[in-house]
Amino acid sequence: MIEEFLSSWPLFQNTYLVGWSIALLLSLVGVLAVARDQIFIGAAISQASTLGIALAMWIGAWAAPATLPWFRSDGFLSAMAVAFSVIAALITTRGGEESRESHEAITGWVFLASASLSILILSRSPHGLEEIHRLLSSSIIGATRADVWTFGLLAGLTALFLAATHRRTLLFLMDPAMAAAVGLNITRWAALISTLLGLAVGLSIRSSGMLYTFGCLVLPALIAKNVCREVRPMFFVAPLVALMTGAIAFVLANHYDYPPAQMTVALLSLLLTMAWLFRRLR
């Protein structure tokens, strides 16, 4: 099985590296969402990112190829995905704090509105609907060398940011009232974390699809939450779980000819079930 995986490395190395880099990035960012009990935000941001891609494809279909070629490029699709995911993250964070509606109500509205509009916008475009279905089904086959560098660099920068700001991050996550009392601008800090979450999800969904993105965002962090007693070790356990599970899942998917994204999420779900049992026994 290992030999088969190694023999496939020259052909699928970009897919493997991008998949693991995305898992590392999202597992780190996912701790921020899980620690604040805002798990469903990941699904809402993923759907908002899909809506951005759908709108970008609709604009590209109407744009003149000669005068506005950039509106038909992958760069425009990625930019719209990131923009809508960041906007959704900011809306779900600030909306629940400044309105009478709860975080869950705002998050549910973002999820449902984005899911419906993304299909309606491209309902008359067979190619567009095919792209939306691909994003929803999650396929990381076809990643490029540029994707490898992009997600590797973003994962490294995220890890450095969390390491440099770990005291303030932990204080904000565990006790926002105390953080505000000691002078931390929690509104600005919440916006910063929401922007990081939206950026990570918006970039990831274009390469890995919604299922893999949402799964790697919340499942490793939930596993770490059930295993660890404090938030601090979750930032070490979650990436370790994501990388180890991703490596095993990719080997199994290659051997049994299964989709690697679905295999990874299935194994993470199994590990979460075991973590729940472990917590009950403990």
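Helices are DSSP runs of H or I with at least four residues, strands are runs of E with at least two, and both are numbered from the N terminus. With that in hand, take Thr107, which lies in helix H5, residues 103-121.

Before going on, a word on the model. It is predicted, so local features need pLDDT of at least 70, side-chain atom pairs count only at pLDDT 80 or more, and totals for chains, interfaces and linings use all residues. Residues are numbered from 1 along each chain as its sequence is written, and side-chain values use heavy atoms, with hydrogens and water left out.

Back to Thr107. Is Thr107 buried or exposed? Thr107 counts as buried, because its relative accessibility is 3%. Buried means under 20% relative accessible area, exposed means over 50%, and partly exposed is in between, with a 1.4 Å probe and protein chains only. What does Thr107 touch, leaving aside neighbours within four places in sequence? The partners are Phe40, Ile41, Ala44 and Thr92. Contact here means heavy atoms within 4.5 Å.

Now the whole chain. The chain has twelve helices and zero strands. Read from the N terminus, the elements run α-α-α-α-α-α-α-α-α-α-α-α. There are 282 residues, and 47% of them count as buried. Then look at contacts with a separation of 6 or more. Of those, 76% are between residues 24 or more positions apart.

Next, Ser46. This residue is in helix H3. Ser46 has a relative accessible area of 0%, so it is buried. Again set aside neighbours within four places in sequence. Ser46 is then in contact with Val201, Ile205, Met210, Thr213 and Phe214.

Let's turn to helix packing. Start with H11, residues 234-256, and H12, residues 260-281. Their axes are 8 Å apart, and they pack at an angle of about 130°. Axes are lines fitted to C-alpha atoms, for helices over the stretch in contact, and angles run from 0 to 180 degrees between N-to-C directions. H11 and H12 are therefore oblique to each other. The cut-offs are these: under 35 degrees is roughly parallel, over 145 is roughly antiparallel, 65 to 115 is roughly perpendicular, and the rest is oblique. The crossing of H11 and H12 is right-handed. A crossing is right-handed if the near helix is turned clockwise from the far one by less than a right angle, and left-handed if anticlockwise. Which residues meet? On the H11 side they include Val241, Thr245 and Phe250, and on the H12 side they include Pro260, Met263 and Leu271.

H12 also packs with H10. How do H10 and H12 lie to each other? Their axes come within 9 Å and cross at roughly 20°. H10 and H12 are therefore roughly parallel. This crossing is left-handed. Among the residues making the contact are Leu211, Tyr212 and Pro220 of H10, with Gln262, Trp276 and Arg279 of H12.

Side chains of opposite charge can pair when their charged atoms come close. How many salt bridges does the structure hold? One. A salt bridge is a side-chain nitrogen of Lys or Arg within 4 Å of a carboxyl oxygen of Asp or Glu. Here Lys225 pairs with Asp37, and the closest N and O atoms are 3.1 Å apart. The pair links distant parts of the chain, 188 residues apart. Lys225 is in helix H10, residues 186-227, while Asp37 sits in the loop between helix H2 (9-35) and helix H3 (41-62). Lys225 is at 32% relative accessibility, so it counts as partly exposed. Asp37 is at 53%, so it counts as exposed.

Cysteines, quickly. A search of the whole structure finds zero disulfides. The criterion is a pair of cysteine sulfur atoms within 2.5 Å. Cys216 counts as buried because its relative accessibility is 1%. Cys228 is buried too, with a relative accessible area of 11%.

Last, two long-range pairs. Ala191 is in helix H10. With 23% relative accessibility, Ala191 counts as partly exposed. Ala191 and Ala89 are 102 residues apart along the chain, and their C-alpha atoms are separated by 8.4 Å. Then Leu157, in helix H7, residues 145-164. Leu157 is partly exposed, at a relative accessible area of 47%. Leu157 and Leu25 are 132 residues apart along the chain, with 9.3 Å between their C-alpha atoms.
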